[in-house]
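This briefing accompanies the structure displayed below. Please keep the sequence and the model in view while reading the points that follow.

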Amino acid sequence: MKIIVCIKQVPDTNEVKLDPVTGTLIRDGVPSIINPDDKAGLEAALRLKDELGAEVSVISMGPPQAEAVIREAFAMGADKGYLVTDRAFGGADTWATSSTLAAAIHNLEYDVVITGRQAIDGDTAQVGPQIAEHLDIPNISYAEEIKVDGDYIIVKRQYEDRYHIVKAKMPCLITALAELNEPRYMTPGGIFDAYREKKITVWDRNDITIDDSNIGLKGSPTKVAQSFPKSVKARGQVVTLDPEESADFILEKLKEKFIF
Amino acid sequence: MGFENNKGIFIFIQQVDNKITNVSFELIGKGKELAADLGAEVTAVLLGYKVKSLADELAAYGADKVILVDDPALEIYTTEAYTHGMYSVIERYNPEIVLYGATAIGRDLAPRVSARVHTGLTADCTKLEVDPETKYLRMTRPAFGGNIMATILCPNFRPQMATVRPGVMQKLKKIEGAKANIKEFNPGFEKNHKYVEVLDVIKKPSSKIDIQEANILVSGGRGVGSKENFKLLEELADTIGGTISSSRASVDAGWQDKEVQVGQTGKTVRPHVYFAIGISGAIQHLAGMEESDVIIAINKDPYAPIFDVADYGVVGDLNQIVPILTEKIKAEMISKDNW
Amino acid sequence: MDLTLSKEHEMARTLFRDFALQQVKPLAREVDETEVFPKGTVEKMQKLGFLGIPISKEYGGQGCDTLTYILCIEELSKVCGTTGVIVSAHTSLCCDPIKNLGTPEQKEKYLRPLVTGKKLGAFGLTEPNAGTDASGQQTKAVLDGDEYILNGSKIFITNGKEADIYIIFAMTDKSKGTKGISAFIVEKGTPGFTFGTKEKKMGIRGSATYELIFTDCRIPKENLLGQEGKGFSYAMQTLDGGRIGIAAQALGLAAGALETTIAYVKERKQFGKPLSKFQNTQFQIASMATKVEAARLLVYKAAIAKDTQKKYSTEAAMAKLYASETASEVTSMAVQLHGGYGYTREYDVERMMRDAKITEIYEGTSEVQRMVISGSLL
C-alpha cells in the first residue's frame with residue numbers, strides 16, 4: 001500500500017503578532033511548522049504504516065525552505081519526500097496549487113492521498129478536494145477515523161451534527177482533521193536520519209507535466225485585489241469598580257439597551 | 001473577456017434530511033442585494049431527493065427562481081453526486097455568481113465544483129459586494145487566523161464562486177404564502193468510480209441550542225478557571241435566557257464542547273448580547289463575535305484585548321461579579337413581573 | 001569556528017522543547033509538591049528514545065551525539081529540574097560506563113534494555129563516609145566461586161528504587177586503596193539488595209534519592225564491569241561525562257528562570273509601567289542573559305569535547321562549575337525580580353531556585369571542580 005501525504009509549511013499563527021503601529025503582520029522570527037491538519041494526516045498515514053506496512057511519502061509545494069517540513073516528516077517516520085519548488089509556481093491560488101500538486105502526484109504511484117482539511121494561514125479547505133478532482137479520484141473530506149478494508153477505505157466523515165461512515169474504492173483522497181489523532185513526536189535518532197541518511201527529491205517546473213496556464217499566479221483564477229488589517233471599532237466604556245458596583249454598571253447598561 | 005452569457009446569481013441550497021440549512025436563506029438574502037446591483041435574478045439551486053416541497057420556502061425568503069434537481073442519488077450528501085449536479089446546472093445555465101454556505105458540505109462541494117468547472121473559488125467570505133465600475137464580485141475574507149482581511153476577485157473565469165460563513169449575512173423577512181417558480185432539471189446520475197457508499201449515518205448527540213441561533217450568549221474563557229466554575233456562567237445564562245458558549249481555551253481545556261466554540265476555528269456568532277467572561281480576546285476569538293450587537297466583557301486584566309471591542313467592560317474578578325449580577329437580574333425580573 | 005547549531009540539532013531542540021512544554025511543564029509543580037517520581041513522564045521519554053540519545057543504534061540507541069543529549073537535558077530542565085536529572089543519571093552514569101567498559105554480552109543484556117526504554121539506570125558510588133573523598137569506600141565485594149558477595153551501603157542515589165540496573169562500586173582489595181575498587185552491574189531484585197530511606201530534599205523533589213543496602217548480596221562474576229581494581233578510575237571517567245549532564249541541567253534551570261522572568265517583567269506593572277521599563281530590570285536581565293549564554297557555550301563545548309577528545313575532564317569541570325553557579329545566581333535574581341510573588345509557590349521561580357542549589361553539590365561539588373581545573377593547570 002502506498003500513501004502520499006500532502007504537507008504545507010505554515011507560520012505558527014499562534015505566534016503571529018500584529019504591529020501595533022502599522023497594523024500589519026510581523027512574520028519575522030515566527031517559527032514555521034507543519035500545518036496541523038496535515039500533520040494529523042501524516043500521523044494517520046504513519047499509523048497505517050505501523051499497522052499494514054504501508055509506504056508513506058510526503059509531498060510539499062513551497063519555497064526551498066519548505067524542505068524543513070519534509071525533514072520533520074522523515075523524523076516522524078515518513079519514507080520518502082518530494083519538494084515541488086519553482087518560482088514559476090509562486091503566487092498560486094488554490095486552483096493552481098491543486099493542479100500543480102496533482103501533476104506532481106501523477107508522477108508517483110499511490111493508493112491513498114491524504115491532505116489536511118485546511119491550512120491555518122489560509123483556512124480555505126479547497127486544495128484537497130481540488131486535487132482529487134484533478135486526479136479524477138473520489139475524495140472524502142473531514143476524516144475523523146480511517147480504516148482500510150481490502151481495496152476500500154472506510155472513513156468516519158464529520159459534519160456539523162452527524163457523521164457519515166463512507167466507503168470508497170482506492171485510489172482515493174482523504175482530507176484529515178486535526179481531531180483525527182494526536183500526532184507522534186519525532187525521535188532524536190529520526191531527526192539525525194532525516195538530515196544525514198534520507199534524501200529529498202526536488203522537482204521543479206520541468207519535472208512535472210502541466211500547462212503553463214495552470215500554474216503560479218498566471219494560472220490562478222482568483223486575484224487578491226487588496227489586503228488590509230482588520231478594522232477595529234472604537235473602544236467602549238471600561239470601568240474598574242468594586243464587584244457590587246460592577247454588577248450595577250452592567251445591569252444599567254442592559255436596561256439601557258432594552259434587554260429588560 | 002466577454003461574459004455576456006453568464007447571468008444571474010445562483011445559490012446552492014443545502015438541505016439535510018429534507019430540511020434547509022439556515023445559511024441558504026442568508027445567502028438568498030445577500031444574493032438579492034447583489035442582484036439589485038447587477039440587475040439580475042436570484043436562483044436557488046435545490047438538490048436532493050423528494051425535496052420539491054421545499055421550493056416554496058425558498059421563494060418565501062426571496063428566491064426569484066428555483067432550479068430543482070431531484071434524484072435518488074442525491075438523497076444523502078456525497079461529494080460526487082452533488083458535484084455532478086451542481087456542475088451540470090452551471091454548464092447548462094451559465095450563472096455569473098454561485099454562492100455556497102461555508103459548511104462541512106459547502107466546503108467540500110464548492111472546491112470540487114470549481115476544479116471541474118475551472119473557475120476560482122473564494123472561501124469563507126464575510127463580505128460580498130459588487131464593484132460599481134467593473135461589476136466584478138468583490139469577495140472579502142479573513143486570513144491568518146483573522147489577523148488580515150483580503151478582498152478577492154475572479155476577473156477572467158465564470159462563474160465567480162464563493163463560500164460564505166454561516167451567521168454573517170442576514171436573511172430577508174419571510175413572505176408567507178410565496179409560490180416558487182420551479183424549473184426541474186436532471187442531468188442523469190450514472191454511478192462511476194468516484195461514487196462512494198454511505199454505510200451509516202450517526203447523529204451527534206444534539207446540543208441544547210445552536211449558539212448561532214441564540215439571542216444572548218454567555219461566553220467563558222480561560223479565566224473561568226475550571227469546568228465547575230462554568231456553573232456561575234450557566235446560572236447567569238439561565239436567569240437572562242441566554243446560551244453558554246466558549247472561547248477556544250475552554251474547549252482545549254475540556255471544559256466545554258467544540259460545538260459551542262466561538263471564533264475563527266469555531267463558529268461566527270452575532271447575538272444581540274455577547275457576554276465575554278474571562279476571555280482575553282485573542283484575535284481568532286474576536287473574529288467570531290465582534291459583530292455582536294452589544295458586547296459586555298468581564299476580565300481581571302485591564303489590558304485584555306477584549307476591552308478593545310467591548311461596548312462595556314468591567315475590570316474585576318468574575319467569581320465575585322457574576323454571582324452578584326445574576327442575583328441582581330433575578331431581583332429585577334421579579335420586580336418587573338408583568339414584563 | 002562556527003558556534004551555531006546544525007539543522008539537526010536545532011530540530012532536536014524543537015522536539016525536546018515541545019515535549020518539555022507539552023508533557024513535562026504541566027506536571028512540574030505537582031511533582032515538586034508531592035515528591036512523587038514522574039513515572040508517566042519517564043515512560044513517555046522511554047518510548048521516544050530520550051533515554052538512549054548518545055548510544056549507537058547497534059544497541060538500540062538513537063545514534064545521536066552528546067550535544068543532542070545535552071540539548072535534551074537543557075530543555076527538560078528549563079521546565080522541570082527533576083526530569084532533567086532523571087535522564088542525566090540514567091544516561092551519563094549508567095548507560096555510558098556500560099557502553100565504554102561493558103563486554104558485548106553485558107551490552108546486549110543491560111545496555112539494550114536501558115536505551116530501548118525497558119529499563120532505567122542508576123549509579124552508586126557515594127557512601128556515608130565517602131562523599132567528596134570517594135576513595136573511602138567501605139562497601140566490599142568478595143569473590144566466592146562464580147559470584148561476588150556484596151556488603152555495605154550507598155547513599156544519595158539518584159533514581160534509587162525506581163531504577164532497574166545499578167552501577168555499584170565496591171572494594172575488592174582494601175589493601176590497595178583506590179586501586180582496590182571495582183565496578184559491578186547489579187540488578188534490582190537481586191536477593192540481599194534492598195532500599196533504605198528516601199531522602200527529603202530541598203529541591204529536585206520528584207527525583208527519587210535513596211539509600212541502597214547490600215547484605216550478602218550475591219551477583220554473578222560476569223557482572224564485574226571492566227577490570228577488577230580499576231573501579232575508581234572508571235568512576236572518575238564516568239563522572240566527567242556526568243558533570244556535563246548536570247551542567248546542562250543547571251543551564252536549563254538558569255535559562256528557564258530567565259525566560260520566565262522576561263515574560264513576568266513585561267507583564268507585571270508597578271508605578272504605572274511594566275517592570276521591564278525600569279533600568280534596574282533591564283540591567284538585571286542583561287546580566288542574567290549574558291551569564292546564561294556564557295554557561296551555554298561552556299556546556300556545549302564540553303559536550304563536543306566528549307565526542308572528539310580523549311580527555312575532557314577540564315572542559316566538563318569548567319562547564320559544571322560555571323553553569324551550576326550561574327543557575328544558583330540567575331534563579332535567585334529571578335526570584336528577586338518577581339518580588340513577593342516569586343517567593344510563593346504560585347510561581348515557578350522559587351522551585352527553580354531550590355532545584356538549582358544541588359547542581360553545585362552533586363557529581364562533584366564546586367570545590368571539587370576547582371580542584372580538577374587547577375589540577376590540570378598547576
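UniProt positions are given in the numbering used here, feature names are shortened, and annotations may be inferred rather than shown by experiment. The model is predicted.

**Annotated span of chain C**
- An unreviewed UniProt entry lists residues 229–376 of chain C as "domain: Acyl-CoA dehydrogenase/oxidase C-terminal".
- Residues 229–376 of chain C are 79% helix and 3% strand.
- The C-alpha atoms at the ends of this span lie 24 Å apart.

**Helix H8 of chain C**
- Helix H8 of chain C covers residues 313–338, which makes 26 residues.
- At 1.5 Å a residue, H8(C) should span 38 Å, and the 37 Å between its end C-alpha atoms agrees with this.
- Of the 26 residues of H8(C), 21 are buried, so the helix is largely enclosed by the rest of the structure.

**Contact between chains C and A**
- In chain C, 14 residues are in contact with 11 residues of chain A.
- Helix H1 of chain C (residues 7–34) supplies the largest share of the side of chain C that touches chain A, with 6 residues.
- This side of chain C consists of 7 nonpolar, 4 polar and 3 charged residues.

**Confidence in chain B**
- Chain B has a mean pLDDT of 91, and 96% of its residues reach 70 or more.
- Where pLDDT is low, the predicted coordinates should not be read in detail.

Technical notes. Residues are numbered from 1 along each chain as its sequence is written. Chains are lettered from A and ligands numbered from 1 in the order in which they are written. This is a predicted model: local features need pLDDT of at least 70, side-chain atom pairs count only at pLDDT 80 or more; totals for chains, interfaces and linings use all residues. Helices (H or I, at least four residues) and strands (E, at least two) are DSSP runs, numbered from the N terminus. The expected span of a helix is 1.5 Å times one less than its number of residues. A residue is buried if 20 or more other C-beta atoms lie within 10 Å of its own, exposed if 12 or fewer, and partly exposed in between; C-beta atoms are placed from the backbone. Two residues are in contact if their C-beta atoms, placed from the backbone, lie within 7 Å. Ala, Val, Leu, Ile, Met, Phe, Trp, Tyr, Cys and Pro count as nonpolar, Asp, Glu, Lys and Arg as charged, and the others, Gly among them, as polar. pLDDT is the predictor's confidence in each residue, from 0 to 100.
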